[in-house]
Each structure stands twice: as structure tokens, then as C-alpha cells.
Amino acid sequence: MDLSEVIDAYLVESDELLREMEAILLRTESSLPDDEDLNAIFRAVHTIKGTAGMFGYESTVSFTHVVENLLDELRSHVIAFHPSLTEILLKAKDHLSFLVSEETKGKISNEKISFGQLILDEMKPFLQSSASPPKTTPQNDAIQSRTHHDSNLNDSQNEVTTNLQRKQLGDTTSYLISFRPNQNVFSQGLDPISFIGYLKKIGTILSLKTIDQFLPDPREFDPENCYLGFEINFSSKENLETVQNVFNFIEADCFLHIYPPGFTVEDLVDLSNQLPEEEIYLGNVWKEIQILDDKFFLTYLEEIKSRKTGIPSSTFLVSQGIHKEESESKLTHHNSDQIKDSHKSTTIKVDSKRIDNLINRVGELVVSCANMNQLIGDSDDSNLQESSLIVMRLLNEVREISLKLRMVPIGESFQKYSRIIRDLGKELKKDIRLITEGDETELDRNIVEKLSDPLTHLVRNACDHGLELPEERKKNGKDHQGTVKLTAYHEAGNVIIEVADDGNGISKEKVWNKGVEKGIAFGEMPDSDEEVYKLLFHPGFSTASQITNVSGRGVGLDVVYKNIESLRGSISIKSIPNQGSRFILRLPLTLAIIEGFLVAVGKSHFIIPMEMVLECLHFSEDHKTDSNQFFALRGNLIPFLRLRDYYPCDVDSEQPRENIVIVRNGDKKAGIVVEKLLGEYQTVIKPMGSVFRHVKGVSGSSILGDGNVALIIDVPSLFERTITLENQKLYSHRG
Amino acid sequence: MEPNQTIQITKEGMEIQWDGYLTVPFIKEWLNYTNQWENQKGKKIILHLNGIERIDTSGIQFLVFLKKQSQSNQQFLSLSNHSLPVLKIMDLLGLVSFFGDRIKVKKEHSNEVEFRYGTRKLS
């Protein structure tokens, strides 16, 4: 097995768990965490510790161990949750995040380890406040967690449980080994029992149960297949690695799970989900091999039931003394969790590279089918044409399904800004709250990942320069708490993401004057807000009177602009003095395949993204004489440009009949004059080579069915380029 | 060693003696023999295993299979005169109570088996 895949899975899982932990911790700032929250944080840390232990990541294990102790005391109410713990646990989460990623790369400096120690030192006062100091051996730790897990008992019962548990684990060297050889193991020349026999050389088999549930009917019984499995309660003073090494030769031909001493009931429930047998059957097996005693067998069953139904068992609620109302609210909470769980159970993790490959292949298929369709369209065979239409329809469905595979809700990435805003608020001494809307809006994962930096920059800007200090806000008659709002929604085949603040807005005069001062703006301030705000995206532009270590409105916005542009997106700003600013990012849904409108100029082909096309009209003789480059459409004047003027096109000998394609970019309309309208065309975007990276007005290329290349028009940047050229002409005339 | 089967018909059913290796190649042949047991409904089948010189996972799996089959066919399969290799594997896999037969351990073999688990019928 490729270890890197397993490590990747560990990284992904840890990242998810830590994000969940952060979200819960941030909630604790406004309301104290409930048992569910504390259990969830504990589980996150516990899981990371377990997996890190399997890989031998010592730094992660030793750090999480102490954090886990603290969380365990919190969830078992040995200590109460103090608000200052939020800060410490957030630091711990950050450090853990760092440890997880760095240790997999094999580079943890002593400096970083001592930084972790500082965080642990901050936890010490809380740990010491407990009546009994936390035990540091994994075995004792497990006893604790098992005891606490059985939270349906009152204190005195807990004591009894602890004793029972200690008694049961009198031999604290008990491993649980679940061993299921693959069916074809005999043909590999392997005898599973010989491996079990070898265990005796490094310890004692306390008990073993042979699982014969999957022996088939006589007609299907094949002596060459192995149908048996084994659950083993094994005692050894050897470490996990040595026990695992016993199964080295058969590892690839079996399901093997070894829990080192210290596993909990929850671990057993997790394991039961991975094994083919029924959970209750397994519970009985573990009872039989003395892994579970009667009491923990019941806990195990309750946990199974609780996970399946999402409802904690009645004994749990009664013994906790939870009031009916609370129980009801918990039930509702659990029901929503159940929905999440049922969603989780139908979700599989797939390497994003595989999905990319699939989408690429589907893309190729789309191109080939378009070509086939074109050829079939020319033939007179109506049956063939009908079949081809059915294939195209199915292909469209496959295309849409495959594209959806890569779609993720933007809410996942919105979540991280609550932490950024919290930290910035503290740093800048501002009271800021984050509101998110449209978390469920889906966007291509690749775009979401690339959006992270620009969005962070805009959020930091909004906090630092957008929002005023609380006193200033009060003076302006505003609530002392500032708001940063992240909104996402779909519009005309695009995703719009807005970063808004209710701060003091952007002063147009200030921006324009600064532009003039820097020599990038000339003359009087134009009426168009857009023209003025565009200056903000100029490299090195800032109107900030003070430079803070957080941001300056304008500083780095050029980078944001470039990032958004590289995603084939656009950015615009709206701002009202004393009411706030809005940065509006307009992005394509996906980067892979687009619905295009194929046009031709001479012998050259171009594709205009379909979602931008409003209508196509014949471009009459009258318009051709219009030197102002405006086209009259139902009483409105619409600017237009001729593709021929911007790109060298081979000319057809015939006098072309011109058409105009009216396109929409945001809330504006414009016209593109072309010669031939060839209709809708699904197209796979091929990125431009590095030589053409800086070519404006083109976002990519596509191979047509007949092998010709078509350029995909980047409408916003084409018009921007036009405006720039017009301005240059204007200034040269004035000059 | 070639598989060898000796069958003796009794009043109650049949007594069978197996000799040889209880491993995949031989089980394939023994499987044919056991197919003939199917018409022995309600009968007692005693399988003597003192001639089994070698047994592996496939062998013990086969015995477990036969035991389960006999139960569903309403036959009474009992294993008898277990050879040391058979005893050792039944001991290791905790299968003594599963088969439920009397076990006789020769004095010279007493150090070879422990019977720490799987010897007690659980409810």
C-alpha cells in the first residue's frame, strides 16, 4: 500500500477535525459549550492522537495527549469550562494543525516543540485544579476515557466503574486484534493460523474467537477460499509495532486492525463499522473474549443505538438529570446530527486528481461528440441524427454530473474567516462580528482553494480599514459592533461573492487625489465610481494614513485583482460614505468546461461564454458608419467592438455580412461584432501556453471538432482593454 | 500423503476414519466423500481424526463447515480420536466447545495444549 495515500488521508481527516474543533471553540465565546460540544472536541483530538500514534508521530502524540487530558476532564465535568480556555484551546488547535502538517514532512524544530510546551504550560493550572492529576500513561488514560464515556452513571457509580474497569484491565497489556484474511489467501501460499500461532512467541493469547459467519452453503463452498475470521484478546509487553510485525507477510492479504492497550468503547463502535459482521454479533464476540464486561457491553450497545438513531439512550438522559425541555432540544439537535450522519454515510472521499482526470476525459468526450454531431448533421440519415441527439443529451447529463463532483459549498471556506475576524478584532481592539449568507452555494473546489488568499485579504482590509473603532462608530450613531458580511449566490451562470463591511466607506476624493498624486490619474474626478475605485487595484496604491501590520486599503489589492482575474473572474467595488463598502467578486462556476457560443471572423473561430450572451442581431449598414462605436438597441446606446480590430483574422474573399452579439458583463451590456454565428458549442477550456499568458481578452482556447483552434473570449477584460485604448486615444488627442 | 477414508456402517449411522493431510488439495477430494453423507439424515456420523498428520486453516475451516452442515442436515457429526495437530489447532482457535466432543489428550501431549479459552459453552 502506498503510505503517502494514507498520510494524505490523515492530513485531510485531521484538517476536517481541527476545523470542526475551531468552529466549536469560537461558539464558546458567546455561549458556554454543552456536553455535545466538549465530546466533539475531545473526539477530534483523540482521533488525531490515535492516527498520529499509528504513524509514530511522537511530537503530535505527546502534545495531543496533554490536550486530551484537559478535554477529558472538561467533558467529564471534573473541571468547569472557563472562558479563558477558549483562547488556550484555540492556540492548541493552531499548534496541532502545525504539528500535523509538519511532522508528516518530517521537520519539527526544537523551537516549535518548546512553543507547544508554552501552550501546555498555560493549560497546567487548569489540569492541576482537578482533584486527581491526570494520568499520563495511555492505559490509564483509556481507563479514564472509558469511565467518562459511561456518563450515565453518577459519581459513586463512576467510582465503581473505574474499579471494575481497572479490574478488567488488571493486565494492562491487552491488545484487541481483528484479523480477517482475504478469501484468496490460501492461493497466496499463506496459512493465517500460522500467524496467530506466532503471536504466542511474543505474548499470551488470553482469548480467541473464530468467526465462521461467512461460511457459505455447500454448493458454494470452495476449499481454496478462506471464510474464517478471528477476534483475539492478546496480552503482550511488546509495543504495537512488534505486534503488527507478526502479520507483516499477510498484511496485504487481510483486513487487520490492532488496538493497543487503552482502547475505548467508542473505538470498538468505530471498529464494528469497519468489520463485515453485525455490531451486536461483534459485541457478543468481544464479550465472549472478555474485551467487554456486561456493563461495557451495555454501553457499547447504547453507543451503537445512539449513533444509529442519533438519540441518546433514555438512561443517559435520566441519569444526567436533564430536564424534559432540554431532552427535547437535545433530541432535535441529535436529529439534525442524524441527518448529517446519514449524509456522511453516503459520502466517499475521492482523490481530487481522479475527479480532475474524469472531468478531463469527459471534456475530451464532449469535443469528440461535438465533432461527431457536426458530421452526422451533414448526413441525411435521420436515424443516425436521432441517435446522435440521444448520445449528446446523455453526454450533457454525464458532463453535468461529473462537474458537480468537484463542487463544494463555499460555506466550508467561509467558516475559517470567523477565526480571522476574531483574532483581528482582538488585535485591532475592535468589536467585529461575521455574518455569512449563502453558505450552501456551490463552487468548483479548485476555485474555492484559489479564492482563499484574495478573500482573506479583503476580509482583513474590511476589518482594518473598513470598520471604525467602537468609539468612532458610536460617535457616528452606529452600533459599537462592526459587521463584516460574506455573501455568496448564483447569478447568470456565475458565482458572486461579496465581502461587505458597515464601516466608513471609501472616500472617492481621497482615492482620486491620491491617484493624481501618484501620477496614475489625471484631471478632474470622473463621475463614474468604477473609474475611481479602479485606482485601488493599482500596485502600491494606498489611501491609508497609517500603515498597520494588518492591512491598508489598497495595499495588495492589485494581488487580489490578479488572483481573481486568473480565475476568469472580475471584481467591482460599491461604497457609500459612512455606510460601508462592498467588494463584489464575480466568478465562473467551473474552470473546466463551458457552454460557449461559437462565432467566426474570416477563417478564425472564437467562443463567447454562453452565460454572457444576451442576443444576436444583424449588424446593419447604418451602424457601420457609426464612428462613436455605439450601437442603438431599442432606444439604448450600447458600446461595441469588432473582433477583427483586436485579433488578426484571415479574411474571406467575400464581403462579410456582419452580426452583433450582445453580451452582458455584470449589470452592463456591450456588443461584439463578428461575421458568422455558428451557434451553441460545449467546449473544454484548454489553458493558454505560458507564452500567451499575458494576452488580454482571451481566457483560453479550445480545439474544435474539425481540429481547428478557437479562442475563448474573456469578455470583461476585452472591454476593459477597449476602454484603456479609447482613453489612450483621448489623452493623445488632448495632448 | 494421499487422503484415505475408511467407512464403517453402524446401527446408528457411520464411522469414518480419515488419514493424511487436512489441507486444500486433500480437502477437495474429501469434499466429494462428504457429499455422500447428505442422505444420512438423522444419522450419527463419527469422524475419527487420529490419522490426520497435518492440518492448516483450510482443514479446520473444513471441519467447521462439516459441523455446521451436519447441524443443518439434522445429522450428528462428532469428531473423535483427535490427533495432536488437530488438537493444537482446535486449542489455538478456541473451537473445543464449538465441536462439543470429548477430548482425550495423551499424557505425553499435555504440555502441547493449554485449553485456556473456547472450552466452555456460552449462553
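**Burial, cores and helix packing**

B:Ile9 is exposed, with a relative accessible area of 62%, in a model that is predicted. The residue belongs to strand β1 (residues 4-9) of chain B, and its C-alpha atom is separated by 9.4 Å from that of B:Ile45, which is 36 residues away along the chain. Of the 123 residues in chain B, 53% are buried. When contacts in chain B between residues at least 6 apart in sequence are considered, 66% of them join residues at least 24 apart.

The largest nonpolar core comprises 60 residues, and the members that touch the most others are A:Ile177, B:Trp18, B:Leu47, B:Ile60, B:Phe62, B:Leu63 and B:Leu93. Helix α2 (residues 57-72) of chain B supplies the largest share of this core, namely six residues. For B:Phe62, once neighbours within four places in sequence are set aside, the contacts are with A:Phe221 in chain A and with B:Trp18, B:Leu22, B:Ile27, B:Trp30, B:Leu31 and B:Thr34 in chain B. Another core, of 45 residues, lies apart from the largest one, and its members include A:Tyr417, A:Val448, A:Cys463 and A:Leu557.

In chain A, helix α3 (residues 58-75) and helix α4 (residues 84-105) pack at an angle of about 155°, and their axes are 10 Å apart. As angles over 145 degrees count as roughly antiparallel, α3(A) and α4(A) are therefore roughly antiparallel to each other. The crossing of these two helices, α3(A) and α4(A), is left-handed. On the α3(A) side, the residues that take part are A:Glu58, A:Ser59, A:Thr60, A:Phe63, A:Thr64, A:Val67, A:Leu70, A:Leu71 and A:Leu74, and they meet A:Leu85, A:Leu89, A:Ala92, A:His95, A:Leu96, A:Leu99, A:Val100 and A:Glu103 in α4(A).

Burial was also examined along a further helix of chain A. In helix α11 (residues 279-288) of chain A, the residues A:Glu279, A:Leu282, A:Gly283, A:Val285 and A:Trp286 are buried. These residues are placed on the same side of α11(A), because the arc that they cover around the axis is only 160°. The helix α11(A) is followed by A:Gln290, for which phi is positive, near 65°.

Terms used. Residues numbered from 1 in each chain as written. Chains lettered and ligands numbered in written order. Predicted model: local features only at pLDDT ≥ 70, side-chain atom pairs only at ≥ 80, totals over all residues. Heavy atoms only, no water. Core = buried A, V, L, I, M, F, W, Y, C linked by side-chain atoms within 4.5 Å. Buried < 20%, exposed > 50% of the residue type's maximum accessible area, 1.4 Å probe, protein only. Helix = DSSP H or I, 4+ residues; strand = E, 2+ residues; numbered from the N terminus. Contact = heavy atoms within 4.5 Å. Arc of directions from axis to C-beta. Axes fitted to C-alpha atoms, helices over the stretch in contact; angles between N-to-C directions. Parallel < 35°, antiparallel > 145°, perpendicular 65-115°, else oblique. Left-handed = near helix turned anticlockwise from the far one by under 90°.
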